[in-house]
Amino acid sequence: MSNSNDTDAIFGSTAAAPATRTPKAGAGKEARKELRMHVKWAARALLADGRVVPMTVRDISERGVGLISERPITQHATLRVAMSVPDINTPGKFTTVIGSVKTAHMTVSGPDLIYGGVWQAVEGNGTEIIKKWVRKLGG
């Protein structure tokens, strides 16, 4: 776990991380057991070929994540993802949550490719950070 300024350094990128925004809760009817909470957080994914792809976290749940990209990613691939998560108690502070996500599906929406994935592993206390946000936004 580290400061979000390290998100780029994790994958060796020199580009600045996309700006993060305040998360917004949203809940529609769906067949899932877990509620997905809508957010808009900066992220990067390391692909199997070594490329780093900028992404936006679209939604989160305790077991999964929705990611938006303008670049194609292989479906059913396992990606190493680093996302900048706002501190739940301190505005302006961020924590980098790192984990492995297996993509389950892909949807096209205009220029965006939306990927739904399942967390395979999350480093450090990242799982607890995600759970706190899901509870707060679903609350």
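## Salt bridges

Arg-51 and Asp-49 form a salt bridge in which the closest N and O atoms are 2.7 Å apart, the term denoting a side-chain nitrogen of Lys or Arg within 4 Å of a carboxyl oxygen of Asp or Glu. Arg-51 is partly exposed at a relative accessible area of 42%, whereas Asp-49 is exposed at 53% (buried means under 20% relative accessible area, exposed over 50%, partly exposed in between, with a 1.4 Å probe and protein chains only).

This is a predicted model, in which local features need pLDDT of at least 70 and side-chain atom pairs count only at pLDDT 80 or more, while totals for chains, interfaces and linings use all residues. Residues are numbered from 1 along each chain as its sequence is written, and side-chain values use heavy atoms, with hydrogens and water left out.

Across the whole structure, 5 salt bridges are found, and one of them pairs Asp-59 with Arg-36, with 3.8 Å between the closest N and O atoms. Because Asp-59 lies in strand 3 (residues 52–60) and Arg-36 in the loop between helix 1 (7–10) and strand 2 (37–46), the pair ties together parts that are 23 residues apart in sequence (helices, H or I of at least four residues, and strands, E of at least two, are DSSP runs numbered from the N terminus). Asp-59 is buried, with a relative accessible area of 2%, while Arg-36 is partly exposed at 23%.

## Arg-135 and Glu-128

A salt bridge also joins the side chains of Arg-135 and Glu-128 at 3.7 Å, N to O.
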